[in-house]
Amino acid sequence: MALNPTMEFASAVISFLFTIMILSYLVGDNPLFRLGIYVFIGVSAGYAASVAFQDILWPKLFVPLITGNSSRSLFLWIPLFMGVLLVFKLFPRVSRLGNPVMAFLVGIGAAVVIGGAVLGTIIPQTISTINLFDLSAGGSAVEKIFESVVFMIGTISTLVYFQYTARKTPQGAKRGRFVELLSLLGKIFIAITFGVVFAGVLTAALTALVDRVMFIWTFLLSLI
Amino acid sequence: MMADIRCQMCGKLSSDELEICPFCQARLTPLHMPSPSDDMEGSDPVESSEVNISERIEGNQEADSNEMDSLLDDYIEIPSDPAELEVKEWLAGLDQESNNEMETPDLIPGGSADTFGDGSDDDWLSRLNSQENTGAEQVDQDAEKQDGYAEKDLVEWLQDFKNDDESERQQNSQPVSDLPMNDTGSNDDWLDRLQPIEGSVSRDIDDGVDITDEGDLGDVEALPESLQDSTEGSSLEEDIETPDWLRNIQAETLDLSEGTALDEAQSPDWMADLQAETFPSGNDVDSDERDMPAWLREIGADSLEFGESNGSGTPEISFEDTAIDQGAGDFDDEMALKEGLVPPGEKNQDIEASVLEANDYDLNSQVESLESFRHGSSLEKLSSDESVAPGTTMPSGSLQDFTQAGTSSDTPGSLDLDDGIMDDISGELETVDLPEWLKELKDPEVLSSDELMDAEVAKKLDAIPEGELPEWIQDMQPVESMLPQDEIVDEKLNEFVENTGPLAGLAGVLPLAANTETRHSTKPYQETPVLSGEQNQQVELFKQILNSESNPKKPPLPVKRSSQRLLRWIVTIIMLAAVLVPILINYPVALPASNYPPEMIQVRKIIFGLPNDSPVLMIFDYGPAYSAELEAAASSIVGDLINKNTRLVYLSTSPTGLVLADHLMNGVRSQGTSLIDPRVTELGYLPGDIQGMASFANNPSYTLPVSTDGVHVWEDTQVLQDVGSLSGFAALILLTENSETARNWIEQVEGHLGNTPLLMVASAQAEPMIRPYFESGQVDGMVTGLAGGKAYEQAMGISGLSAGYWSSFRSGLFVIELIIIFGGFWSLFGSLRDRKLTRKEEV
C-alpha cells in the first residue's frame, strides 16, 4: 500500500534515527543502542502478538465460538481448552496441567519432522549422492567422477566425524586409525562448510551495511 | 655294733653317736638342764632346745608343718574340756595357717588332730613320734585343706589331749624326764605333771588379772626329749607378750587342776628352766636360759602362773567364746595374715602369702594379735608351713601360752578340753583391743561332750562364710572377662601361677618379677628435633610464608591490553569509505556473464517460461534484518512476475513476513520494474511452523481459507478457483534467510508439488545449506543474495536495486577480503612471536 509523503518522511526520519542509534555501537555500548534494540524487540513482539490475535485467534477461534454453529463450535472448545492448559505452563505450581498439551504438541511436531526428514532429506539426498556416479547424465566423465568422489568422501567423512564410539585402551578411549583418518577428513569438510557459511553471513551483513549507508546518504541528500 | 636311736621327731633310726637326726635335724638325745653345780661347759639342753626352736622358727620358709605341730605337742597338752578344746582349735588353726600361708617352723610337731591319735592313745609321746613320721604327709594334707580348716583334725587333736588329761588326771605327777619318750602306745600328759612354780602368780581369768607375769617354767630336764629338743635353738625375741587368751587358759587350767600345784620338782625340768630363764625373778634359771625364745619363756611363766593361781594345778581357762561357736564373721585379712592366721574358707592363700612376704611378717605383731585373741576363733590350724610367709614364725606367745596353759585339769599348766573347760569358761575377761574380726565373732556355744563339740564345730565351721578380700586387693585383680577370649593362648603362660604381688593366685599372667626387675628409665627425648636437609628447607619455606603474611603484597597489575576501540573505528571508517565512495562516484561495475550461477539461470528460465495469469505462490519467511539483501535479490523476480500478470499469492510463517512482503511490493512499484498493478492476494499468517507447513501442503484451502481481506480466495474464480493444492500453482517461490526454514519447506512440500517448480530466493548465508537440495533436484532454481540478484537483473537486462548496491558491495567486499588477509597474517606472526617468548621463558 502506498504511503503518503508525510508518512514516508516520518518513516524515513525514524528509520534514520534508529539507524544512527544502532550504528552508535561503534563507540561502545550506549543508551541509544540499547533504546534502539529495545524498540525493535518490543515492536516486533507487539506486532507478532497483534497479528496472531487478529489473524488467527479472533477470526478462527473466538468468532466461531461466539457466532458459529454449535457443532463446529463444539470442536473449537477443545483447542481453546488446550490453549488454556498451555497457559498454565507459565506458573510452576500448576505447570503440570499443561504437560498433556505439551506432550501432544511435541509428539505431533516430532512426527512431522521425522517424516519430513526421512522423506524430504535422507532419501532424496542419498539418491542424489548415488546419482552423482551416473556418467550417462551428461557432462565430462572425469569431472563427474572427481566431483562424485569428492562428494562421497565429504559425505562419509562428515558422518564419520560425528561417530564417537571408541575402544578402551590403557591410554584411554581411542578410535581406530581408519576412523580417525576419516574423521580428520570430515573435520576439514566441516571447517570448509563453516567458512562458507561465515562468508555468507558476512556478505549478508555487508549488503545490509550498504543498504543502510545508501539510505542515510539518500535521506541526507533529500534533506538538503 | 653301733646302736641305733629312733628319732623322736621323724621316727627314723639313726646312729646313737649322732646328736642330731640327719633326717629332720632334731636332737636325738635330750638336753639336760645343768644345775648350778653342773658343768657349765656341758651342753645346755635349754640352750640347745632354744637353738632348736629358734632354728625352726627362723628356719626355712618351707618348714614342715608337722614340726610345728610336734613342737606344740611337746609343750602343751590340750585339755579335754571345752575351753581346752577351743584352745586346741585355735592351735589347730594356727598350725593350719602356718602350714598353708606362713612358712613358720612347726612349733608343735604334728599339729593335726590325727597326729594326736584317735583319742584313745594315752602316749602323747608316741603321738609325737607318729606326728613326725607323718609330718610330710601332713603337709600334703594341710595343703589340700586350704579351702577350710581341718576342723576334724583339730577336734581329734583336742580330743586326744582331753583324753590324755582324763586318763592322767588321777595319776601322780611325774617328772617329765621319767616319762617314756619313744613309746608310741603311751600318752603321758606331761602338762599334767607341770606344777605351778613357786613365786609365780596364777591368774584367774575371771578376775581379769593379767597373767603375763614371768614365772618359772620348771625344770627343763623334766620335759620329754622331744620337747627338750624342740626347745633348742630358740632365739625368739624376749619382748613378745603373752596373749591374754593363753594366759587365761593357763589360769583356768591351773584352777581346774584340783589344787594340783605346779611344783618345781613336779614340773618338767625344761619348763622349769624355761620359767627360770623367762622369769629371772624368783627362780633359779640360769642366765643361759634367758637365751630361750621369749615365747617359750612366756609359756613357762604362764604355766607357772596358772599353777600358782589355781593351786590345783588345773588351769582354768575361760573363754567367752570359742572358735567353734563363733562365726568367721568379718575377718580382717591383714590382721589374720599378720597373725599368721587364715580365715576359714579362705582360698586366696597365695595372696595372703604374698602379702605377708611383702609386709615382712612381723612376729611381734602376730603375737600381739594372738594376745588379743583370747576367745579363740574358728581358725584354721597353723599346720602347714606353706601357708606361712617366708621368714615368719609362729607367734612366740602361742607356744608359751600353750605351754603354760596346756595342762590338764590335774596337771598344772595343762589344758584339758575334755574336762569341760569350754563349759567352765565363764566370767569376764579383761578388756583388750581385739581385732575387728575377732570382735565380730559370735559367742561360741559351750559344748558339753566331744561328739556334740564335733558336730557343732563341724556345723559352725560350715556356716562360717568365706572371707572376702579387701577391696584394694580385688581392684588389683585383673578381670577375666576383660581378657580377650580369642587370643592365642600361651599354655606355658597359663600354667604359670603368680605367687606374689596383687595378682597372686591368678594364672596366665606375666611374671611380676620379670616386669619389676627389668625397669629402665625412659629415653630422654630431645627437645629440638633433628631435621634433614629437605625438612629444613621446608621449615624455612614455611617461615617465609608466615613472615610474608604480615607483609602486604601488591596486587598484580592487570595485563594491559590494546584497546579494540581504535581498531574498530579504523575498520568502520574503512568500510564506510569502501561503501560510500562507489556511491559517491557512481561508478557502475558490471558482472561478467560467465560468472552467472547456474541456479540463477534456472530461475530465469522458469520465470521466463511461466504463462500469463498463472498463480504463483510466494512465501516470505525472512526477517527484517535481511530485507535489504532479499529485496535486492527478489525485486527483479517479482517485477517479472508482475509483468507476466501472474496472480501473486503470498503468505508467511512469521508475523513480520507480511509486512516485509508489502514493503517489497511497494519497492517494486517505486522502482518502476512492474508495468501494471500487481494482482496480489495475501493469505496471511500461517501459524504452527512445521505443522502449519505440513497442513498447508496437504490442504492449502483448508489451512488458509480466507485472505487477510476476508475473501475466500479459494472459492473466488478470479484468484484461486483453479487451485486446489500446491500442484495447482505455476511456481512456488520461497524467500528466506534461514536454512532450516528452507529445509522444512522443502521437506514438507516435497510430495505435494508435482510438476510445480520450487524456486528459492535465499540469503548468502543460507546458500551453502540449501545448495544440496538444488543439486539433488528438490529445488529447481535459486537466487542467492545480492550477487544472484545482480546476475538475474543483468541477465534480464534490467537495472534494479541490486545494480545500485553492487558497486558498494563489491568495494566493501574487496576491503573485507583485504582485512581478513591482513588480520590472518598479523595473528600468525603474533602467535609465532608468543611461542618464541614462551620458549625463552621456559628455557
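1. Chain B contains 32 helices and 11 strands. This is a predicted model, and the points below should be read with that in mind. Of the 843 residues of chain B, 55% count as buried, and among the contacts in chain B with a separation of 6 or more, 83% are accounted for by residues 24 or more positions apart.

2. On the pairing of the two chains, 41 residues of chain A are in contact with 49 residues of chain B. The size of an interface is often given as the accessible area lost when the parts come together. For chain A and chain B the area buried between them is about 3,800 Å², and 73% of that area lies on carbon and sulfur atoms.

3. As to polar interactions across this interface, the rule finds zero salt bridges between chain A and chain B, whereas eight residue pairs, both members at pLDDT 80 or more, are counted in polar contact between the two chains. On the side of chain A that touches chain B, the elements giving two or more residues are α2 (31–67), α4 (99–131) and α6 (177–223) of chain A. The largest share of that side comes from α6(A), with 16 residues.

4. Thr207(A) can be followed individually, and its place is in helix α6 of chain A. Its relative accessible area is 0%, so Thr207(A) is buried, the cut-off being under 20%. Once its neighbours within four places in sequence are left aside, Thr207(A) is in contact with Ala628(B), Glu629(B), Leu786(B) and Phe809(B).

5. Not counting residues up to four places away in sequence, Thr703(B) touches Lys60(A) from chain A, and from its own chain Leu686(B), Gly692(B), Ser695(B) and Phe696(B). With regard to Phe696(B), its backbone nitrogen lies 3.4 Å from a polar atom of the side chain of Thr703(B).

6. Helix α24 of chain B, residues 598–609, has 12 residues and reaches 16 Å from its first C-alpha to its last, close to the 16 Å expected at 1.5 Å a residue. Within α24(B), the residues Glu599(B), Met600(B), Val603(B), Ile606(B) and Ile607(B) are buried. Seen down the axis of α24(B), these buried residues fall within an arc of 125°, and they therefore line one face of the helix. The face of α24(B) that is turned away from the buried side carries Lys605(B), Phe608(B) and Gly609(B), which are exposed.

7. The cover over the buried residues of α24(B) draws on both helices and strands of chain B. It includes the helices α25 (627–643), α30 (767–776) and α31 (785–796), together with the strands β9 (731–736), β10 (758–762) and β11 (781–784).

8. Returning to chain A, helix α1 (residues 5–23) has 19 residues that should span 27 Å at 1.5 Å a residue, and its end C-alpha atoms are 26 Å apart, which agrees. The buried residues of α1(A) are Ala12(A), Phe16(A), Phe18(A), Thr19(A) and Met21(A), and what they pack against is α2 and α6 of chain A. Both α2 and α6 of chain A are also among the elements that give two or more residues to the side touching chain B.

Terms used:
Residues are numbered from 1 along each chain as its sequence is written. Chains are lettered from A and ligands numbered from 1 in the order in which they are written. This is a predicted model: local features need pLDDT of at least 70, side-chain atom pairs count only at pLDDT 80 or more; totals for chains, interfaces and linings use all residues. Side-chain values use heavy atoms; hydrogens and water are left out. Helices (H or I, at least four residues) and strands (E, at least two) are DSSP runs, numbered from the N terminus. The expected span of a helix is 1.5 Å times one less than its number of residues. Buried means under 20% relative accessible area, exposed over 50%, partly exposed in between (1.4 Å probe, protein chains only). The arc is that of the directions from the helix axis to the C-beta atoms. Contact means heavy atoms within 4.5 Å. Buried area is the accessible area (1.4 Å probe) that two parts lose on being put together, summed over both. A salt bridge is a side-chain nitrogen of Lys or Arg within 4 Å of a carboxyl oxygen of Asp or Glu. A polar contact is a pair of N or O atoms within 3.5 Å; within protein, one must be able to donate a hydrogen and the other to accept it, and residues adjacent in sequence count only if both atoms are side-chain atoms.
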